[in-house]
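Thank you all for coming. I would like to walk through one model this morning, so please have a look at the sequence and the structure first.

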Amino acid sequence: MTPNARPLLVVDDDDAMRQMLASFFRDNGHLVEEAASADIALERARDVEFDAVLSDVRMPGRSGVELVGELRRIRPGTPVVLMTAFGSIDSAVDAMRAGAFDYITKPFEPEAVRLAVERALAYRSLEEENRRLRRAVEKTAKLGDLIGESPAMGEIIALLKKVGLGRSSVLITGESGTGKEVVARTLHYHGSRSRKPFIPINCTALPEGLLESELFGHARGAFTGAHVSKVGLFEKADGGTLFLDEIGDMGAGLQAKLLRVLQDGEIRPVGANHSVKVDVRIVAATNQDLDAELAAGNFREDLYYRLNVIPIHIPPLRERPEDISALVFAFLHKHSSGRNATISRDAIQWLERQPWKGNARELENVIERALALTDTDEIGVADLPTAGSGPDPTSVANLEALLQKVGQAQFTLLELENRYTAQVLEMTGGNKVQAARILGIDRKTLYRRTQRRSKGDESPS
Ligand SMILES: Nc1ncnc2c1ncn2[C@@H]1O[C@H](COP(=O)(O)OP(=O)(O)OP(=O)(O)O)[C@@H](O)[C@H]1O
Ligand SMILES: [Mg+2]
């Protein structure tokens, strides 16, 4: 039995019948109010919102059918179930025409009336859910895939709309998983360069030499193995946007070369004796503290100022809990694969109180996992990871669970490694530093491993 916060209203001028029904529903766990006439019912309905109304049709004064009509006006969301006399087809038709949710004919079994009322209540909560979803969608600020309801996200969205038309460099900072890449993509796809390529490249992924020829290309014979010349990403991104992710990891030599490109607007492929003009907008991102890197002399100050023309800082998710419900609904939609999945209010409230060290990415993982694990279409608090007891991925129980999942299937060692890596990443909420530490490998190795599994849209081969 679903506990109902709001009462049910039973309307009947026949005292015995009304009291019998009222106590029947009370025994079934409902709060119940009684009214001996349609007028009394309407008066109560003006003050109180009922979950459902069960009413007799034939009563002195206003009839049950008239009650339905009036209720539709003042409480359009409240379903009414009418009780009509056996054989009175007319009043049944009238009842439905007036907008009753359902009717049952007298005499009836208690079970029949219980079922009709339960259906009305289920309908009612579905309606409410839909209204809640519609409201959530309506008040969400949105630009492409980027959403948020917090003032911080609102400002970012407004800024993106404005600077999307120019070509000044943008530096996006924020903790891991805060949405730096979505912001970069949104800037590109909703700006004046959207018809030209958006090319992301991760500066951590490649050793400096390779990164340089990826970015600038190389001439034939530029180095051993360079049998053919190669067009660099700068040229491929011409007219569009180059997204330099994890810029804090770029080595000193490349920093100097990048600075030159930003100053001159041209690139020189490795080993070539000519330069090529390029029109590329640079959007860089980092989750490191670049100020500290500057102070330590690891990052060039002149390059920093060239990149940081338009700074965009994304605050950690815990500082903008207003964004959580909107993100949750977006992730539900993204991962429910056509299922009509929703989430309880309690679950949302619980999510809003979590620290989200892995920010939106961690939240997304939690929603994706809850969807995979629940049989019902509503995610409840019980489907979410227990507070504060994030599972230790190296525990025996976890390894056993993993092996159980492997089950009968034939898995290669590589596949097992991939799955374990993914599990550890999920448990650290996408925090690569932490995950690499648990896995006992360095961050670059972890990065390459995750790339092996997922292909970015135009990342270098
Ligand atoms: N405001 C947002 N609206 C919609 N989706 C978001 C938002 N913020 C984050 N996400 C989603 O969260 C996930 C992580 O975002 P993203 O990859 O952009 O983070 P990041 O800051 O680049 O992380 P990292 O520093 O680890 O690379 C993505 O699936 C992204 O779509
Ligand atoms: Mg990123």
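I will go from the overall fold to the cores, then to the ligand, and finally to a few backbone details.

A word on conventions: residues are numbered from 1 along each chain as its sequence is written, while chains are lettered from A and ligands numbered from 1 in the order in which they are written. This is a predicted model, in which local features need pLDDT of at least 70 and side-chain atom pairs count only at pLDDT 80 or more, whereas totals for chains, interfaces and linings use all residues.

The protein chain has 19 helices and 18 strands, where helices (H or I, at least four residues) and strands (E, at least two) are DSSP runs numbered from the N terminus. Of its 461 residues, 35% are buried; a residue counts as buried if 20 or more other C-beta atoms lie within 10 Å of its own, as exposed if 12 or fewer do, and as partly exposed in between, with C-beta atoms placed from the backbone. Two residues are in contact if those C-beta atoms lie within 7 Å, and among contacts between residues at least 6 apart in sequence, 68% join residues at least 24 apart.

Let me turn to the cores, a nonpolar core being a set of buried Ala, Val, Leu, Ile, Met, Phe, Trp, Tyr and Cys residues joined through C-beta atoms within 7 Å. The largest one has 61 residues, and those with the most contacts inside it include Ile 172, Val 183, Phe 234 and Leu 363. Helix α13, residues 324-335, gives the most to this core, with eight residues. Leaving aside residues up to four places away in sequence, Val 183 touches Leu 146, Ile 156, Leu 160, Ile 172, Ile 312 and Ile 314. A second, separate core of 34 residues includes Ala 38, Ala 52, Val 65 and Met 83.

Now the ligand. Ligand 1 is surrounded by 20 residues, the closest being Ser 176, Gly 179, Lys 180, Glu 181 and Ala 360, and a residue is near a molecule if its C-beta atom, placed from the backbone, lies within 6 Å of it. At least three residues of this shell come from each of domain 2 and domain 3, and β7 (146-148), α7 (180-189), α13 and α15 (359-373) each supply at least two.

Gly 429 lies in the loop between α17 (413-427) and α18 (432-439), and it is buried, with 23 other C-beta atoms within 10 Å. Gly 429 and Arg 361 are 68 residues apart in sequence, yet 6.5 Å apart in space, C-alpha to C-alpha.

Finally, the backbone. Most residues other than glycine have a negative phi, and most peptide bonds are trans. The peptide bond from Lys 106 to Pro 107 is cis, with omega near -5°, and Pro 107 is found in the loop between β5 (102-106) and α5 (110-138). Glu 246, in the loop between β12 (241-245) and α10 (252-264), has a positive phi near 55°. Trp 356, which lies in the loop between α14 (345-352) and α15, likewise has a positive phi, of about 45°, and it counts as buried because it has 23 C-beta neighbours inside 10 Å.

Technical notes: Domains from an automatic or database assignment.
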